[in-house]
Amino acid sequence: MRILHGYAVWHHMRRLRRRLGEDHTTRLQDLNVRCHVTAANNFLDWLGGEGLAIGTCTQPDLERWIADPTVSYPDETGHFVRWSVQHRHARDLTYGTVRWTGPLSTIDSEKRWADARRLLNDDTLPTPDRVAALLLILYAQKIATISQLTVNEVDFDGDSVSITFGTSPVVLPAPLATLVRELVATRRGKAKIGTPDNVPWLFPGGQPGHPLGDDRIGQRLHKIGIRPKQDRSTALFTLATEVPAVILARTLGVHIKVAVQWQQASARDWSAYAADVSQRTRPT
């Protein structure tokens, strides 16, 4: 499809190549491109099922799609709609943007730690679900990022286990390190044939050669009491109160602008952090 090809290659990939080597979040940008292109493809498929095309879609058609509670990637789809209008593939369509002003849901730190303790100790839950949930609630990782993790991003050094989300590896605490070791050794998707060494994904999916899908991970996390959006917001908010934005971006793999926004939302800044560290490390 020409429109989708143009959106993916000329809009997203060209911008990504232009920034290659300049931004330490290139891998996360690649995942972001995948989400945007998937959103555009899903919307075009929906239009096709309705006997429509992007050029014949009207505002009432778009509003009908927006009102569907089952749609995925609504914000990314809005980006595609605005791009289509700008490049005259569509006419008279409006899909507003939302200015981010901080977390929308209640920041529940007590639930975060209660969930962490439960996931670390409840061995009746599947190991992949426990690891995925802990990466979300402890390290604020998106489901889209978790699904794309490979064993190459996990490093074993004696008793130490670290995982790389951004450019700096994060050393995992012992209980989580044990779970990650178990996951790497036993991971298998439904279509898995052979040994785990043949599969690069940390969370293999049901199709050979593919990771577990974002939607499937989300469903599994909901089943064990994790609310991905709300709980990730709590994790980001809490972490932003503890470390400066640049370190948050480097270790968690989030964009520096996102890290700054969350730090501002948590009413912290670098000077306050530096002063706090200075007081903690001052000799007595």
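**Note on the cores and helix packing**

1. Asp-115 has 7% relative accessibility and therefore counts as buried (buried is under 20% relative accessible area, exposed over 50%, partly exposed in between, with a 1.4 Å probe and protein chains only). This residue lies in helix 5 (helices are DSSP runs of H or I with at least four residues, strands are runs of E with at least two, and both are numbered from the N terminus). Leaving aside residues up to four places away in sequence, Asp-115 touches Ile-137, Gly-225, Ile-226 and Asp-231 (contact means heavy atoms within 4.5 Å).

2. On the source: this is a predicted model, in which local features need pLDDT of at least 70 and side-chain atom pairs count only at pLDDT 80 or more, while totals for chains, interfaces and linings use all residues. Residues are numbered from 1 along each chain as its sequence is written, and side-chain values use heavy atoms, with hydrogens and water left out.

3. Helix 5 covers residues 109–121, and its axis comes within 10 Å of the axis of helix 6, the two crossing at roughly 155° (axes are lines fitted to C-alpha atoms, for helices over the stretch in contact, and angles run from 0 to 180 degrees between N-to-C directions). Helix 5 is therefore roughly antiparallel to helix 6 (angles over 145 degrees count as roughly antiparallel, under 35 as roughly parallel, 65 to 115 as roughly perpendicular and the rest as oblique).

4. Which residues meet between these helices? From helix 5 they are Arg-112, Trp-113, Asp-115, Ala-116, Leu-119, Leu-120 and Asn-121; from helix 6 they are Arg-130, Ala-133, Leu-134, Ile-137 and Leu-138.

5. The largest nonpolar core has 46 residues, and Tyr-139 and Leu-221 have the most contacts inside it (a nonpolar core is a set of buried Ala, Val, Leu, Ile, Met, Phe, Trp, Tyr and Cys residues joined through side-chain atoms within 4.5 Å). Helix 6, residues 127–139, gives the largest share of this core, with 9 residues. A second, separate core has 21 residues, among them Leu-4, Ala-8, Trp-46 and Cys-57.

6. Not counting residues up to four places away in sequence, Leu-221 touches Asp-129, Ala-132, Ala-133, Leu-136, Ile-143, Ile-226 and Pro-228.

7. Is Thr-238 buried or exposed? Thr-238 counts as buried, because its relative accessibility is 10%. Thr-238 sits in helix 10, residues 228–240. With residues up to four places away in sequence not counted, Thr-238 touches Ser-109 and Arg-112. The C-alpha atoms of Thr-238 and Ser-266 are separated by 7.7 Å, and these residues are 28 apart along the chain.
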